[in-house]
Amino acid sequence: MDEIIIAIGINESKRSYFSVDQRLEMIRTLFKNEPRIKTVSYDCLTIDFASQNDAEFILRGIRTVNDFEYEKTIADTNRVLTGIETLVLFTEPEYTHISSTVVRELLRYGKNVSQFVPEELNLKQFM
């Protein structure tokens, strides 16, 4: 059976508002009725994680041209190293302004972010 692994890479240089465990729980909440979706975290290069899990593809989402340039460089390198292809999904235009940085900043100042996150997600339970 095919499955999708939603994996959170642990990056100590990034400041996250929610812990890895909280983010994993949020994703599990959103996909609770999807038995083929597995949610995990990892602490290595994404390509190493993909190889360790016998992934055939890496699926990435991008919002802007800047995201594309960065992701293309990583995808090309990953393909050379392992042969694993990266598939890119483009964000719907009405969501391109939403980023984790913007949402994190709004949360820090107590603003309501419900219009920027999925309806099914009640962030208050994670705060």
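Q: Before we start, what counts as buried here?
A: Buried means under 20% relative accessible area, and since we are working with a predicted model, the values below are computed from that model.

Q: Okay, so is Phe18 buried or exposed?
A: Phe18 has a relative accessible area of 10%, so by that cut-off it is buried, whereas Tyr17 is partly exposed, with a relative accessible area of 29%.

Q: And how are the rings of Tyr17 and Phe18 arranged?
A: They form an edge-to-face aromatic pair, with 4.9 Å from centre to centre and 75 degrees between the planes.

Q: How many aromatic pairs are there?
A: The count comes to two; in the pair of Tyr42 and Phe49 the ring centres are 4.6 Å apart and the planes stand at 20 degrees, so this pair is stacked, and both Tyr42 and Phe49 are buried.

Q: Switching to helix 3, which of its residues are buried?
A: Those are Glu71, Ala75 and Asn78, and because they cover an arc of only 65 degrees around the axis, they sit on the same side of helix 3.

Q: What covers them?
A: The cover includes helix 2 (46–52), strand 3 (57–62) and strand 4 (85–90), while the face turned away from the buried side carries the exposed residues Val65, Asn66, Tyr70 and Val80.

Q: What comes just after helix 3?
A: Gly83 does, and it takes a positive phi of about 85 degrees; helix 4, for its part, is followed by Gly110, whose phi is also positive, near 75 degrees.

How values were computed. Residues numbered from 1 in each chain as written. Predicted model: local features only at pLDDT ≥ 70, side-chain atom pairs only at ≥ 80, totals over all residues. Heavy atoms only, no water. Helix = DSSP H or I, 4+ residues; strand = E, 2+ residues; numbered from the N terminus. Buried < 20%, exposed > 50% of the residue type's maximum accessible area, 1.4 Å probe, protein only. Arc of directions from axis to C-beta. Contact = heavy atoms within 4.5 Å. Phe/Tyr/Trp six-rings, centres within 6.5 Å; stacked < 30°, edge-to-face > 60°.
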